[in-house]
Amino acid sequence: MNDIERLLAIESIKQLKARYFRLLDTKAWADLTALFTDDAVMDMRESTNVRDESNLFIGGPAFVRNLRGFIEPLVTVHHGHTPEIEVTSDHTASAVWAMEDTLWVPDSVASPLPFKVLNGHGHYHETYERNADGRWLIKSSRLTRLRVDMR
Amino acid sequence: MNDIERLLAIESIKQLKARYFRLLDTKAWADLTALFTDDAVMDMRESTNVRDESNLFIGGPAFVRNLRGFIEPLVTVHHGHTPEIEVTSDHTASAVWAMEDTLWVPDSVASPLPFKVLNGHGHYHETYERNADGRWLIKSSRLTRLRVDMR
Amino acid sequence: MNDIERLLAIESIKQLKARYFRLLDTKAWADLTALFTDDAVMDMRESTNVRDESNLFIGGPAFVRNLRGFIEPLVTVHHGHTPEIEVTSDHTASAVWAMEDTLWVPDSVASPLPFKVLNGHGHYHETYERNADGRWLIKSSRLTRLRVDMR
């Protein structure tokens, strides 16, 4: 891959993650599901502090189904910052993204969650794969935390 | 437009919006005014929840005059995140930006505003145009909200 | 420097600052120390509001030693936004970055600091230099503030 192709890949991956955040926070579940490889490994064990298989998802549909069950009644904002994207071959890449998320439970919602507002900070550790059509997709994601505040 | 020209346009538009945020928050009104096309449509109806023509501005001078009247006595921070920039021709482009803004009313200011601190999250939906000198300018902007908190 | 080289330099400097934030917040002090030129001027006088020579550091080791003494017992998150990077020659560049930082003093820590949580916003004003190996390094940094809240 030459320099221009590498810069194009980096910009494409930035926009892929941008769409991930926007489609998640606007709850566009069908479009969100299309951003992952079939075998994508989404590891939410550390970020949720529930460290068993129930927080490890394979593929977009399983991941988004779970996410939707959790997030649908909430207002959420997820922001990603200063990605360190490394293109590792002509169809693979990896990245670390700094992140912040805030989740609000509306007053009208009877929620089993142990917070009214959650504000978290950490890093996404991800890999990406380019499919046969030339589109970059999320191949794996793991979220580590620097800090989570609940009130 | 070839790949390099497209990457250069994307970087230019990122820096245009970066200047917009910095000049706004440092209150450099004259320089801020120069970032818009003469016919720029700045739509603040949804973001302010005042949905009439008084929150729709045409051109940099009218928009910045209004902004200045509102923001001059305040401390403000506006941040933009993960832009999805699409170059639609050799002189036009569009983007969605995730955003957060915080506005503080200093204790020394007698303000008619219904808050001491406003913290908002949402998305800018924008278009851009390249002028005859090759400079990218903001052609339209509309801010939608995920959440606004006032205290 | 041609257009592609300039785009590559801009992406490299974005990733340099991304590493700076990540290594700082994960307290990877040895790796952090390697990001600066030997003669780097790190000016923390305005950001800390202690405006004497004790807040001006020359070189990575002196800067990181001070930072470590201050930050080691804390939880910190530093985020950078919307960089305006200008490549000024084939081996020099400058930038302004919007930023937010949050510092938490854990309950278990007996701290002389006048806060339990500090949340700041402002801009980094920086220069960079490319060394003989082609790696970009931080040559100077000065942090100005829009707002600092302590509680």
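The model is a predicted one, in which local features need pLDDT of at least 70 and side-chain atom pairs count only at pLDDT 80 or more, whereas totals for chains, interfaces and linings use all residues. Residues are numbered from 1 along each chain as its sequence is written, and chains are lettered from A and ligands numbered from 1 in the order in which they are written.

The axes of H1(A) and of helix H1 (residues 3-25) of chain C come within 10 Å and cross at roughly 45°, where axes are lines fitted to C-alpha atoms, for helices over the stretch in contact, and angles run from 0 to 180 degrees between N-to-C directions. H1(A) and H1(C) are therefore oblique to each other, since angles under 35 degrees count as roughly parallel, over 145 as roughly antiparallel, 65 to 115 as roughly perpendicular and the rest as oblique. Helices (H or I, at least four residues) and strands (E, at least two) are DSSP runs, numbered from the N terminus. In this pairing, A:Asp3, A:Ile4, A:Leu7 and A:Ile10 of H1(A) meet C:Ile4, C:Leu7, C:Leu8 and C:Glu11 of H1(C), two residues being in contact if their C-beta atoms, placed from the backbone, lie within 7 Å.

Between chains A and B, the contact takes 18 residues from chain A and 14 residues from chain B. On the side of chain A that touches chain B, helix H1 (3-25) and strand S3 (75-89) of chain A are the elements that give two or more residues, and H1(A) gives the most, with 12 residues.
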